[in-house]
Amino acid sequence: MSRRRALVAALITLIVAWGALAVTLALGATPRLGLDLQGGFAVRLVAPDGTDSEVLDKAVEIMRRRIESLGGVQEPEIAVAGDNAVEVQLPGVTDRDRALAAIGSTGELSFRQVATIGQLPGVSPIYAELGVEPPGFAADLNQAGDDATTTTVEGGETTTTTEPPAAGPPDNWPDNVDWDTGLTIVDDPAQEAWLLEPDSGLVYHVGPALLTGADITGADAQFAGGGHGGGVGGWVVDPSFTGEGGDKFREATGQLATFNIADPRRRFAIVLDGAVVSAPVVAEGVGPEGLSPSAVTITIGGGDDQQSEAEDLATVLRYGALPATFETDRVESVSATLGDDSLNAGLVAGIGGLILVGFALLFYYRALGLIAIAGLSVFGAFLLFLFSFLGETQGVTLTLAGVAGIVVSIGITSDSYIVYFERIKEEVRHGRSVRAAVDNAFPRAFRTILTADAVSLFGAVLLFLLAVGAVKGFAVALGLATVIDVIVAAFFTRYAAAFLVRTRLGDGGRFSIRGATGLPVASDAAEAGA
Amino acid sequence: MSVFQRMYRGETSFDFVGNRRRYFVISAAAVLISLLSLAVRGLDLGVDFVGGTVIEAPNAQELSLDEVRADLRGVGQEAARVQLTGTGDGIRIQTVELTEEQLQRLVDTVAEIAGVSASEVSSQEVGPTFGAQVAESAARALVIFLIVVTIFISIRFEWRMAFTALAALLHDLTITAGVYSLTGFEVTPASVIAILTILGYSLYDTVVVFDKIEEQIEVLHDKHTITGIVNLSMNQVLMRSINTSLTSLLPVGSLLFVGSYLLGATTLREFALALFVGIGAGTYSSIFFASPLLAVWKEQEEDWQRARRRVERRRGPAEAVAVPDQGPVPVAAVAPADDDGAMTVLSGATPRPPKRRRRKR
């Protein structure tokens, strides 16, 4: 290998590593910190044994929606862990009561009479009810119909703009309703509300709760053959009620049945956590005496997938929000101060460790130590880059256990240098020239490094696949570091050593590679002669 | 030349296999003490394994332990375990599982006596099932890991090496667990991680040593006894083992130091303590336990017995440390095992005369 080629190869690796890090940092990407390093709130919820994994996935989905509705949580992490547990991580959240209520409780379910339904998806009926122009309505039209309002005239373009309507809500606007969306901000089942049905986008104006989740004991989704008015049959949901709930239901449906079949007031909305899940109509022919609670079925409309729709509705009726009753198994809240301290401690320990190892290698292996120090910097740059990159794209977080894993991997990577350098010394002892020793030692040393790193990597992968919680973070760090160790050895150390041995530091004084291998150097001879 | 200089050049000739009885006795004693302590004293399992509540707060008022305890008595938490962390700038309170209200009251009390806001108080509540799951998943990971590694080493080297490495691993794990038991350190998820790391280190170290032995077997097979070859390999990798342990201990030591002097890094400290012990045991076992064990075991193989007979026929009593006879290698004299089994270093090495360096100019 020529000196020039070795230098170019080593420099390319160095530039790639530092360049990648510089670009990531310039783009503002930093490693995504775990909860234990930035403070926050973590809960582990356990479902009863034997809970179906689909049910868990469903629960995760519902919890995520609820957390998002909490607002102010950056990047919540909610995932199924193990066979029957869900882990929720909320970085930056300190209000534990609110957070716990959002994920732990089974949700607030209510049956409410519909007053009016918005005419268009996304438009609240409240504006029409109060006789005001919705804010941003015209602007919306502008955006939606860009082509319509932009007319191309010869020689130029003119845009017609509509003046926005009077800004601000009228005096009789209810306090608890958002002016921009026309939706109730915090739903209280005892009050009327303007609520969205997320599936259709329609907004319902509903009255106070007629029944709540406590009145319902269960629900089943079933396929009912024809018979209901001679239809072809379809999926229905059979709810069942408590004694008191049944009475309430009978009375409520009786009330609703006084309205005409086309009147929205003949419908009751099933509301969960401030959103309309479904709004069935009380069937034709029901009189003011109401529906018998034992015979009630909710027929699913002509959706594409009636079965899943029926099952979803039954789930909502049965459990409220969550399709299983979870028990809180582990709650952890880390103050931001504690997180900061841990991060600082990890950083100081990591950088301190790197410097100490660098000095030790420099002291012991002299010129070769310089390679190790440059290699450690490449190692550090790659690792930081990977954590930033994976944090940004894959959501990989750096936890305290991960920091510990990195500190440990410094030991593993420095061992790769030691294996190589000791090999060089040995080759020299076998009578090779320093230059030949450096080149010959690498393939053999690399084989050792590969074997040993393979064992580490096996460990990391298995830990990641099999372990839970903090151990996973450790496995990620260890695995990444091991891979980087091999890369640095193959693309940096080898070339850097090949280059260095062809400079004055290769075969010079006591500090040179020659000196480090224990061979007598020129200055020894001079001393002996003096 | 001093011993250190020879070690630097890998020219020592310690008889590791010959002195094996002494090393095996040391290992056996350490393992026995560990097992006894585990049986008698057991392990101090942290809240993550047994359930309970831990509250941590900065100690802004620099309260003493007794002051904190006195204040806790006021809210009916006299049974709580109170510790000061770092250099006394953190308070850590551990109790049994509490109800929501009890916890809230405790957090408020701690915030009040520490003079900080409630949001600065960290807490951790663990139900009893969590620990069982963590332990179970770690144990499962461990078993599968061991099986995979055994297969890997069997393929890459041979099955005897795999089982020797496994024995060394169990040796290290037992001793680390024993140290936990003897010192009464709390076993936390961090310690589990540390133990898994030790596992990695121990195997890594053993693999590097075995790699060397395998290489020497390829070169020296037929001309030397396995004992001699193992001894030679051990002497050659001795410096690497010592250096690797040192460079591994440096960052761990830095972790230990930082963890002890900065608040909130208690996890790091627990982790570092376990690693310190584990790396030490790992280095010891790969040199003084795994390799002699391998030599003794392989010495039983017919192939190697034939090799021994052949060597003895040709050269009289086999040497303890193999001396490769090709190349201008400085020859270290054979170190016969003394009667008392002491480590003997003999040097017959004649330093090569300094080479004349030809200057180009």
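**The contact between the chains**

Select both chains: 67 residues of chain B and 68 residues of chain A take part in the contact, where two residues are in contact if their C-beta atoms, placed from the backbone, lie within 7 Å. On the side of chain B that touches chain A, at least two residues each come from α1 (3-9), β2 (52-58), β5 (122-126), α6 (128-156), α8 (189-220), α9 (226-261) and α10 (266-299) of chain B. Helices (H or I, at least four residues) and strands (E, at least two) are DSSP runs, numbered from the N terminus. Coloured by type, that side of chain B shows 37 nonpolar, 21 polar and nine charged residues. Here Ala, Val, Leu, Ile, Met, Phe, Trp, Tyr, Cys and Pro count as nonpolar, Asp, Glu, Lys and Arg as charged, and the others, Gly among them, as polar.

This is a predicted model, in which local features need pLDDT of at least 70 and side-chain atom pairs count only at pLDDT 80 or more, while totals for chains, interfaces and linings use all residues. Residues are numbered from 1 along each chain as its sequence is written, and chains are lettered from A and ligands numbered from 1 in the order in which they are written. The predictor assigns the complex an ipTM of 0.73 and a pTM of 0.67.

**A strand with partners in both chains**

Next select strand β15 (residues 327-334) of chain A, which pairs with β5(B) in the antiparallel sense over four bridges; two strands pair if DSSP finds at least two bridges between them. Within this pairing, E332(A) has Q124(B) as its bridge partner, and S333(A) stands opposite S123(B).

Of the eight residues of β15(A), six are buried. A residue is buried if 20 or more other C-beta atoms lie within 10 Å of its own, exposed if 12 or fewer, and partly exposed in between, with C-beta atoms placed from the backbone.

**Helices to inspect**

Select α8(B): 27 of its 32 residues are buried, so this helix is largely enclosed by the rest of the structure. The end C-alpha atoms of α8(B) are 46 Å apart, in agreement with the 46 Å that its 32 residues should span at 1.5 Å a residue; the expected span is 1.5 Å times one less than the number of residues. Just after α8(B), D222(B) has a positive phi of about 80°.

In chain A, select helix α13 (residues 434-466), which bends by about 35° at F442(A), with a proline, P443(A), following within four residues. The bend at a residue is the angle between axes fitted to the seven residues ending there and the seven starting there.

Then move to R366(A), in the loop between α10 (336-365) and α11 (367-393) of chain A. Its phi is near 50°, a positive value in a residue other than glycine. R366(A) counts as buried because it has 20 C-beta neighbours inside 10 Å.

**Confidence in chain B**

The mean for chain B is 77, and 84% of its residues reach 70 or more. Over residues 326-353 of chain B, pLDDT stays under 50. Where pLDDT is low, the predicted coordinates should not be read in detail.

Note on methods: pLDDT = per-residue confidence, 0-100.
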